[in-house]
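Hi,

Here is the structure I promised to pass on.

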Amino acid sequence: MRKEITITAEPRSTRGKNEARRLRAAGSAPAVLYGVNDSNVTLAVSPKEIGRILHSKTGHNTIFNLSVAGGEDTPVMIVAWQSDPVKETLLHVDLKRIDLTKRIAVRVPVITVGEPQGVKLQGGLHELITREIEIECLPDDIPESLSVETGHMMIGQSVRASEVPLSGSMKLLSQPEAVISHVVAMKAEEVAAPAAEVEGAAPAAAAEPEVIKKGKKDEEAVPAADEKEKKKK
């Protein structure tokens with residue numbers, strides 16, 4: 001979705017890890033601008049301004065205006081970014097020029113509307129399987145989200161990507177049969193009782209002690225010794 005937001009950027013003449021560290025220490029974040037048959041441009045942008053866009057309702061699908069000092073002024077989108085896993089500060093961002101007259105592919109969140117009848121009347125469980133779908137549309141037609149009605153669903157029924165209403169220039173790119181959500185029956189917990197605790201169960205046969213086996217061998221050895229003694233006599 002296009003927003004009336006303008007972010008300024010400063011061109012960079014050098015690259016590398018040392019330059020990136022210097023930029024971050026100065027309160028900026030390294031960025032790259034590309035797309036629409038123009039050359040790539042390395043920039044420095046405000047991480048706070050980029051962060052506000054990423055955390056807005058339209059998130060990375062937001063189309064905003066980028067004004068490069070001494071250079072171009074163009075609509076762009078955030079296509080990739082990297083953040084510090086601990087501090088959550090922006091480390092790098094990729095920006096793409098957008099031609100407002102050409103269709104683009106985007107992923108849009110899907111919201112289910114209404115409590116399924118299979119939950120209210122049958123005690124089933126409503127499970128969300130897919131939280132977003134991919135569509136193609138003109139930049140100005142990108143929605144914040146898409147919604148699909150699920151109140152009619154009973155146990156065993158589902159809604160699929162093909163049932164999500166689209167409007168304007170929107171065209172579905174995700175698999176039409178992809179399940180958005182379904183209603184399933186609740187499973188009763190089955191806990192098997194241990195065999196030793198089953199009433200009337202016969203106790204396991206005790207293993208014959210090893211000493212008994214040894215004793216038998218000793219008894220078999222005695223007659224053989226007596227026989228040798230008789231032959232000597």
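**Strands and sheets**

Strand β1 (residues 2–11) runs parallel to strand β4 (residues 63–68), and the two pair over 5 bridges. Strands here are DSSP runs of E with at least two residues, helices are runs of H or I with at least four residues, and both are numbered from the N terminus. I call two strands paired if DSSP finds at least two bridges between them. Within this pair, Ile-7 sits opposite Leu-66 in β4.

Before going further, the ground rules: this is a predicted model, local features need pLDDT of at least 70, side-chain atom pairs count only at pLDDT 80 or more, and totals for chains, interfaces and linings use all residues. Residues are numbered from 1 along each chain as its sequence is written, and side-chain values use heavy atoms, with hydrogens and water left out.

Back to β4: it also pairs with strand β5 (residues 73–83), this time antiparallel, over 4 bridges. Ser-67 has Asp-73 in β5 as its bridge partner. β4 and β5 make a hairpin with 4 residues between them, and Gly-70 in the turn has a positive phi of about 75°.

Strand β7 (residues 104–113) and β10 are parallel partners over 4 bridges, with Val-113 opposite Glu-149 in β10. As a reminder, strands of a sheet pair through backbone hydrogen bonds, either parallel or antiparallel.

**Salt bridges**

I count a salt bridge when a side-chain nitrogen of Lys or Arg lies within 4 Å of a carboxyl oxygen of Asp or Glu. By this rule there are 6 salt bridges.

One of them joins Glu-72 and Arg-97, with the closest N and O atoms 2.9 Å apart. It links distant parts of the chain: Glu-72 is in the loop between β4 and β5, Arg-97 is in strand β6 (residues 90–97), and they are 25 residues apart. For burial I use relative accessible area: buried is under 20%, exposed is over 50%, and partly exposed is in between (1.4 Å probe, protein chains only). Glu-72 counts as partly exposed because its relative accessibility is 26%, while Arg-97, at 4%, counts as buried.

Leaving out residues up to four places away in sequence, Thr-74 touches Phe-64, Asn-65, Leu-66 and Arg-97 (contact means heavy atoms within 4.5 Å). Thr-74 is buried, at 10% relative accessibility.

What else pairs up? Glu-132 and Arg-107 form a salt bridge (2.9 Å, N to O). This pair too links distant parts of the chain, with Glu-132 in strand β9 (residues 132–137) and Arg-107 in strand β7, 25 residues apart. Arg-107 also forms a salt bridge with Glu-134, at 3.7 Å between the closest N and O atoms. Here Arg-107 in β7 and Glu-134 in β9 are 27 residues apart. Through shared partners, Arg-107, Glu-132 and Glu-134 end up in one network. These three residues are partly exposed: Arg-107 at 37%, Glu-132 at 32% and Glu-134 at 26%.

**Cores and overall numbers**

A nonpolar core here is a set of buried Ala, Val, Leu, Ile, Met, Phe, Trp, Tyr and Cys residues joined through side-chain atoms within 4.5 Å. The largest has 20 residues, and Ile-133, Ile-135 and Ile-180 have the most contacts inside it. β7, β9, β10 and β13 (179–184) each supply at least two of its residues, and β7 gives the most, with 4. Ile-133 touches several residues beyond four places away in sequence, among them Val-106, Val-108, Leu-146, Leu-172 and Ile-180. A second, separate core of 18 residues includes Ala-9, Ala-29, Ile-50 and Phe-64.

For the whole protein, there are 4 helices and 13 strands, and buried residues make up 28% of the 233 residues. Of the contacts with a separation of 6 or more, 64% are between residues 24 or more positions apart. The accessible surface comes to about 15400 Å², 51% of it from carbon and sulfur atoms (Shrake-Rupley method, 1.4 Å probe).

Cheers
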